[in-house]
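Subject: Structure handover and notes

Dear colleague,

Please find below the structure I promised to pass on, followed by my notes on it.

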Number of protein chains: 2
Amino acid sequence: MKIGVLGTGMVGKTIARKLVGLGHEVMMGSRTADHEGAAEWVASAGERASQGTFADAAAFGQFVFNCTAGAASIDALGSARAEDLAGKTLVDVANPLDFSQGMPPSLFVCNTDSLAEQIQRAFPEARVVKTLNTVNHEVMVDPARVPGGHDVFVCGNDEAAKAQVVELLRSFGWPAEHIVDLGDITAARGTEAHLLLWLRLRGTLGTGHFNVGVVR
Amino acid sequence: MKIGVLGTGMVGKTIARKLVGLGHEVMMGSRTADHEGAAEWVASAGERASQGTFADAAAFGQFVFNCTAGAASIDALGSARAEDLAGKTLVDVANPLDFSQGMPPSLFVCNTDSLAEQIQRAFPEARVVKTLNTVNHEVMVDPARVPGGHDVFVCGNDEAAKAQVVELLRSFGWPAEHIVDLGDITAARGTEAHLLLWLRLRGTLGTGHFNVGVVR
């Protein structure tokens with residue numbers, strides 16, 4: 001499948017590398033078509049990897065991952081043409097982190113709204129699915145890095161898009177019984193707010209290689 | 001030990017009953033000294049149980065539990081005399097739930113502040129410890145209701161108060177290795193925000209008898 005990955009940070013690179021490894025064609029999108037970080041990634045990732053602007057990557061992908069910084073996500077997606085997002089599954093992995101008050105960061109939107117909902121409202125024809133934002137980038141694509149049973153959440157308004165994302169998550173190594181569908185996109189208020197707990201846990205545990213499991 | 005339990009809802013009654021069962025003397029506090037719900041509880045809970053106003057219960061306890069509705073907590077605690085809270089461990093179990101926008105509720109404070117911090121600021125001589133607010137009232141006092149390993153969080157500025165609360169949690173049945181100390185009281189931003197995820201999980205799972213476990 002052709003997949004556009006928007007964002008050249010650790011999350012974007014990690015997901016893009018995993019997707020290439022799984023046999024997908026991946027275009028990494030950034031502010032400029034010749035972004036140096038993306039070029040390094042392309043050089044090391046083989047012939048199925050390419051780079052372009054955010055707009056190029058959105059147009060390229062049948063599937064689009066938003067791995068940009070949360071505060072930049074709406075702008076990055078907005079540089080794509082509306083028809084290049086319309087009808088596509090847009091996997092939103094970003095968190096609305098606000099570093100302006102120091103560490104640990106707070107969130108620039110939460111409680112009665114979420115970044116995922118802002119994106120869905122800004123791009124109503126995209127099929128936004130929020131997932132993976134509750135784990136460290138290495139755990140995202142290699143859940144076995146954390147031993148035992150632990151969960152990843154998905155939410156979104158389009159059931160078919162969620163089913164596609166679940167399939168992709170399974171190809172990343174997430175067992176079906178550990179992919180928890182929380183319902184519509186407003187559930188992102190919960191999974192994004194989880195960052196406030198996640199950041200404290202990272203501080204306490206001294207590692208990002210952890211996750212939570214739902215026990216019932 | 002003498003313990004004051006403020007709040008006569010399900011959480012207050014469940015915790016008060018557990019404490020009496022463990023041999024503690026418990027006074028349940030409510031807005032009025034003859035609150036009917038508290039009277040019913042006292043009648044069924046035996047000779048170690050009594051009732052009074054919020055102020056009476058705060059004065060009575062060497063330990064004070066805040067089990068009032070989050071929106072009413074500051075007022076309820078404020079009806080106690082300052083010296084009746086000074087130096088005491090105040091276990092804050094409440095959540096800042098805002099039902100004004102319908103279900104599921106949102107939070108009236110979160111992200112850069114928390115109810116626990118509001119309480120600590122309002123009563124600076126109390127030793128506030130936030131805990132148990134991330135689980136259903138029945139799970140609070142009987143963690144084995146949820147099988148397997150799952151965690152409860154504590155946070156607060158006073159290490160000695162936290163140690164007392166950890167001991168009490170162990171007497172409730174929480175294994176030491178499943179009591180996670182997240183640091184100072186600002187970590188309540190994380191555990192209170194967890195409600196936004198918890199509420200979605202309850203909707204998805206159809207039960208409140210679940211919890212999360214931290215897996216590393």
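Which residues of strand 8 of chain A are buried on one side, and which on the other? On one side they are A:Arg127, A:Val129 and A:Thr131, and on the other A:Val128 and A:Lys130, where a residue is called buried if 20 or more other C-beta atoms lie within 10 Å of its own, exposed if 12 or fewer, and partly exposed in between, with C-beta atoms placed from the backbone.

Before going further, please note that this is a predicted model, in which local features need pLDDT of at least 70 and side-chain atom pairs count only at pLDDT 80 or more, while totals for chains, interfaces and linings use all residues. Residues are numbered from 1 along each chain as its sequence is written, and chains are lettered from A and ligands numbered from 1 in the order in which they are written.

Chain A as a whole

Chain A contains nine helices and eleven strands, these being DSSP runs numbered from the N terminus (H or I and at least four residues for helices, E and at least two for strands). Its radius of gyration is 16 Å, close to the 17 Å that the globule rule gives for 216 residues, so chain A is as compact as a globular protein of that length; the radius is taken over C-alpha atoms, and the rule is 2.2 Å times the number of residues to the power 0.38. Along the principal axes, the C-alpha atoms of chain A fill a box of roughly 45 × 40 × 35 Å. Of the 216 residues in chain A, 55% are buried. Among contacts in chain A with a separation of 6 or more, 71% are between residues 24 or more positions apart, a contact being two residues whose C-beta atoms, placed from the backbone, lie within 7 Å.

Strand 8 and its partners

Five of the five residues of strand 8 of chain A (residues 127-131) are buried, so this strand is largely enclosed by the rest of the structure. Strand 8 of chain A pairs with strand 5 of chain A (residues 89-92) in the parallel sense over four bridges, pairing being assigned if DSSP finds at least two bridges between two strands, and within it A:Val129 is the bridge partner of A:Val91. Strand 8 of chain A is also joined, by three bridges and in the antiparallel sense, to strand 9 of chain A (residues 152-156), where A:Val154 stands opposite A:Thr131.

Where the chains meet

The contact between the chains takes 35 residues from chain A and 35 residues from chain B. On the side of chain A that touches chain B, helix 9 of chain A gives the largest share, with 13 residues. Strand 11 of chain A and strand 11 of chain B (residues 211-215) run antiparallel and are joined by five bridges, with A:Val215 opposite B:Asn211.

Two places in chain B

In helix 9 of chain B (residues 188-205), 14 of the 18 residues are buried, so the helix is largely enclosed by the rest of the structure. After helix 9 of chain B comes B:Gly206, whose phi is positive, near 75 degrees.

B:Lys162, in helix 8 of chain B (residues 159-172), is buried, with 22 other C-beta atoms within 10 Å. Leaving aside residues up to four places away in sequence, B:Lys162 touches B:Val129, B:Val154, B:Gly156 and B:Asp181.

Best regards
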